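Here are my notes on this one, written for someone new to reading structures. Have a look at the picture, then go through the points.

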Amino acid sequence: MFLKKAIATTALLTSMGGGVAYASLDTSDFIGSLRPYAGVDLQRRHMGMEQAFGGNIWDRNFNQLDLFGGVRFLEYFGLNAGYEFTERKVRNNVLNVGDTRLGSVLTAGDGILSERGKNKINAWHVDFMGFLPICPRYHVELLGSVGLARAHLKMQEIIYAQNGILANNPVVRNYSEKRTLARASLGVQTIMFDHLGVRLSGTWEDTSRFKNLKPIENRSATTLAKVQDSIIYGLGIFYIY
């Protein structure tokens with residue numbers, strides 16, 4: 001639903017702006033309209049796991065930064081690129097007999113497992129932007145974007161105790177996967193003093209493409225991890241030339 005709204009809004013912003021922008025377009029207009037910008041977003045990412053496939057091992061809420069830059073053109077359009085990265089989250093868990101762990105139900109033979117899950121994600125992204133002024137007096141405008149991200153997800157699972165007894169040699173499994181993801185954003189921003197901007201945004205990424213993940217140490221393992229889509233909220237500042 002978020003993706004459909006974001007794509008529709010971006011298309012709307014593009015079409016509404018395009019009617020004005022193309023009415024009197026020539027080369028000098030285009031070159032003169034170019035405005036490079038750069039900034040940073042402070043963000044909060046929610047990226048859950050399917051409960052039976054890692055949701056009871058790894059964390060789902062992350063603080064992250066998005067360092068971005070791009071160029072606006074013809075007032076209503078822009079191309080944006082950036083690099084986003086989360087903190088590494090560490091979560092301790094106790095899984096009991098009968099719990100489902102990575103797709104398999106724990107039996108009496110498995111015992112009660114004490115685990116530690118670590119995870120983080122980073123991504124390069126590129127986006128096509130659309131802008132629509134809604135309060136020109138105060139330089140407030142809607143923004144929408146659609147784009148692609150090349151994401152790298154890293155996770156680690158450490159089983160450090162069984163039935164309350166610490167293991168001499170903890171079992172460690174590592175996951176490292178890369179995927180190309182679709183993404184879409186909606187937001188609002190204001191540009192003050194012609195150059196300094198502040199924006200609020202929400203972004204969807206289809207991190208559910210990280211599915212059926214298996215540890216590096218055993219690619220034939222029957223245990224699987226499955227990630228859900230991400231929703232990211234952010235507050236950012238930027239400077240536009």
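The points below go from the inside of the protein to its surface.

1. Keep in mind that this is a predicted model, where local features need pLDDT of at least 70, side-chain atom pairs count only at pLDDT 80 or more, and totals for chains, interfaces and linings use all residues. Residues are numbered from 1 along each chain as its sequence is written, and side-chain values use heavy atoms, leaving out hydrogens and water.

2. Let's start with the largest nonpolar core, which has 22 residues. Such a core is a set of buried Ala, Val, Leu, Ile, Met, Phe, Trp, Tyr and Cys residues joined through side-chain atoms within 4.5 Å; buried means under 20% relative accessible area, exposed over 50%, and partly exposed in between (1.4 Å probe, protein chains only). Trp58, Leu153 and Leu213 are among the residues with the most contacts inside this core. Strand 8 (140–162) is one of the strands that each supply at least two of its residues, and strand 8 gives the most, with five. Strands here are DSSP runs (E, at least two residues), numbered from the N terminus.

3. What does Leu213 touch? Its contacts (heavy atoms within 4.5 Å) include Leu153, Met155 and Ala225, not counting residues up to four places away in sequence.

4. Now find Gln228 in strand 11. Gln228 counts as partly exposed because its relative accessibility is 34%. The C-alpha atoms of Gln228 and Thr207 are 6.0 Å apart, although 21 residues separate them along the chain.

5. Finally, Tyr241 sits in the segment after strand 11 (227–240) and is exposed, at 55% relative accessible area.

Technical notes:
Helix = DSSP H or I, 4+ residues; strand = E, 2+ residues; numbered from the N terminus.
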